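Me: Got a model open here and want a quick tour. Can you take my questions as they come?

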Amino acid sequence: MANGSIAILSRVKRSTSIAVQLPPRRPLQPSPPFKTAGNGMNERGGPLQKHDAVADTGESKMAVSTAKSDESLHSTFASRYVRASLPRFRMPPQSIPKEAAYQIINDELMLDGNPRLNLASFVTTWMEPECDKLIMDAVNKNYVDMDEYPVTTELQVCECVIFCYFCDMNYLVAFLPVKKHFLFLRKNREINRCVNMIAHLFNAPIGDDETAIGVGTVGSSEAIMLAGLAFKRKWQNRRKAEGKPTDKPNIVTGANVQVCWEKFARYFEVELKEVKLREGYYVMDPAKAVEMVDENTICVAAILGSTLTGEFEDVKTLNDLLTAKNKEAGWDVPIHVDAASGGFIAPFLYPELEWDFRLPLVKSINVSGHKYGLVYAGVGWVVWRNKEDLPEELIFHINYLGADQPTFTLNFSKGSSQIIAQYYQLIRLGFEGYRNIMENCTENMKVLKAGIEATERFVIVSKDVGVPLVAFSLKDSSKFTVFDVSESLRRFGWIVPAYTMPADAEHVAVLRVVIREDFSRSLAERLVIDIQKVLLDLDHRWTRTSTAITHVQVEEKPEQPEVLNKSIREITKYWKALVQRNKKTSGVC
């Protein structure tokens, strides 16, 4: 055979042989050495290490890195980036790879609860993938850059509409420095689509060709601050015109209000006059509220969907009683409706219920888009009855973003993605879609309520009419408390809050389950099963503890016939003290 070739002979049918000639084998070539910059640096750009071999080629010294030093060959969880504690107080001196940063943070986030099993929150935890994509596509758009993002501005509240109402022009002129021309925005309903849709939903007294007054906010907390400021400023202007003092404004609410009302009162120096609750009646009593009104009251705040029980307050009765008192005293005290939770429920489930702008004293309404408006956290709305209810001096004008822009917000920059998501939901679902979702939430609420009642261990304190939620308390808290039930449910992944009621009803402790769009019937049935497991486990735990304590005490003092009763009294005293120590109120907005 020639030149390095190999012959393979095989006998085939006794007489045939086949020769296969392979190509000659090439001589092995040494791998090219790693080049260095000639300045003592290895091939990775870093200083030479002890494990970096140096090869002399005759022209320069080359740094040859062993595989052991190559970070890309290290296991993810064996790399040096996961071997040290994470910085918690100071910025680290050096950078780390993006993959390592992601993995480290992602690992810590695994300890969070499952948002869809967080039954404490009213806030939306699921949206359609198409809307998720819209949100991510717009995540880098700033809400306030109306000149740069005119289409996004048209979808959102467009604070320009406020300016239109306070000028005599039919057109708002905005100079666009990039395009070098003027943009004429007609004063019509397309300028603020979301606000107009919500205003019509709340029966605002505007025509089809008129634009509503309102702004988008980061949530109902900011919306309430803005509405409260408008009430305070209008009250001050009226008092000044009458030559009366303006140093003691107050606002009347129920003790069941969300904490943002307390923030408004404290931050803006307004006295908060709360109507106390009572057992069995966990909302503001309209008659008692009107009794607390005086000449310094800037408004009465009614809640459409109490945080504690989901119940709607009687805004119609409040309006009638307050109208009579205003007429008698010569006052003009208005009403604000905090519809953070119920604003996207009542119009679809209870259209005949009068709570909105159909009542003449209702001057402003706030609603959370990130609750039953079905958008992720970060969007709220406040709508005024007409332009006279929003004092002009509260509007600021800026021109350093490219055009004259009116603004009425507590913050400035914020993302536009949630506004776009709200518009998506409004046109995607329409009235029919929202009604179907709210009806389904109500049906699932009834299923859960029936399952909890079937245990015969709880008293339902929430109402059927209101926000779809179930609030319930233990019939017997001598063995264990609602706080124990809440803690035990976490073993199954459920986050169910336990809290005590506000003033004059503090002795009532309840659990609350909020029914959102993504809480299905099967999840409701599973929750009932897990509640039953928790009750059984707590009963057994109580039995073992009670038996052990009784046995010890009887052995120590067998001559005392009252020892058993004394043990029970001591245990009961312990649990009551535990309840007092664990008093909580829900702060979920």
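Me: How many aromatic pairs does a search of the whole structure find?
Reply: Nine. Bear in mind that the model is predicted.

Me: What kind of pair do Phe264 and Phe268 form?
Reply: A tilted one. The ring centres are 5.5 Å apart, with 40° between the planes.

Me: Is Phe264 buried or exposed?
Reply: Buried, at 0% relative accessibility. Phe268 is partly exposed, because its relative accessible area is 22% and buried means under 20%.

Me: And how do the rings of Phe348 and Tyr434 sit?
Reply: Their centres are 5.3 Å apart and the planes are at 10°, so that pair is stacked.

Me: Which helices do those two lie in?
Reply: Phe348 is in helix H10, residues 346-349, and Tyr434 is in helix H11. The pair therefore ties together parts that are 86 residues apart in sequence.

Me: Buried or exposed, that Phe348?
Reply: Buried, with a relative accessible area of 6%. Tyr434 is buried too, at 1%.

Me: Which residues do ring pairs link into a cluster?
Reply: Phe344, Phe348, Phe431 and Tyr434.

Me: Switching to charges. What sits over the ring of Tyr281?
Reply: The charged end of Arg278, 4.5 Å from the ring centre.

Me: Now the packing. How many residues are in the largest nonpolar core?
Reply: 105. Among those with the most contacts inside that core are Val337, Phe344, Trp355 and Met438. Helix H11, residues 417-454, gives the most to the core, with 14 residues.

Me: What does Val337 touch?
Reply: Leaving out residues up to four places away in sequence, Val337 touches Ala302, Leu304, Val315, Trp355, Val362, Ser364, Ile365 and Asn366.

Me: Which residues are in the other core, the one lying apart?
Reply: That core has 14 residues, including Cys260, Phe264, Cys299 and Ile303.

Me: OK, strands. What is the order in the open sheet of seven?
Reply: E7-E13-E12-E11-E10-E8-E9, with mixed pairing. The edge strands are E7 (213-217) and E9 (271-275), each pairing on one side only. From one strand to the next, the twist averages 20°.

Me: How many bridges join E8 to E10?
Reply: Three. Strand E8 covers residues 250-254 and strand E10 covers 297-303, and the two run parallel.

Me: Which strands does helix H7 lie across?
Reply: E8, E9, E10 and E11 (335-338). Helix H7 spans residues 259-267 and runs at about 150° to E9.

Me: Back to H11. Where is Tyr423 found?
Reply: In helix H11. Tyr423 counts as buried, at 15% relative accessibility. The C-alpha atoms of Tyr423 and Met197 are separated by 9.5 Å, while the two residues are 226 residues apart along the chain.

Me: Last one. Where is Thr455?
Reply: In the loop between H11 and strand E16 (458-460). Thr455 is buried, with a relative accessible area of 16%.

Me: What does Thr455 touch?
Reply: Gln532 and Leu535, again not counting residues up to four places away in sequence.

Methods:
Residues are numbered from 1 along each chain as its sequence is written. This is a predicted model: local features need pLDDT of at least 70, side-chain atom pairs count only at pLDDT 80 or more; totals for chains, interfaces and linings use all residues. Side-chain values use heavy atoms; hydrogens and water are left out. A nonpolar core is a set of buried Ala, Val, Leu, Ile, Met, Phe, Trp, Tyr and Cys residues joined through side-chain atoms within 4.5 Å. Buried means under 20% relative accessible area, exposed over 50%, partly exposed in between (1.4 Å probe, protein chains only). Helices (H or I, at least four residues) and strands (E, at least two) are DSSP runs, numbered from the N terminus. Contact means heavy atoms within 4.5 Å. Two strands pair if DSSP finds at least two bridges between them. Axes are lines fitted to C-alpha atoms, for helices over the stretch in contact, and angles run from 0 to 180 degrees between N-to-C directions. Rings of Phe, Tyr and Trp (its six-membered ring) pair if their centres lie within 6.5 Å; planes under 30 degrees apart count as stacked, over 60 as edge-to-face and the rest as tilted. A charge sits over a ring if NZ of Lys or CZ of Arg is within 6 Å of the ring centre and within 35 degrees of the ring normal.
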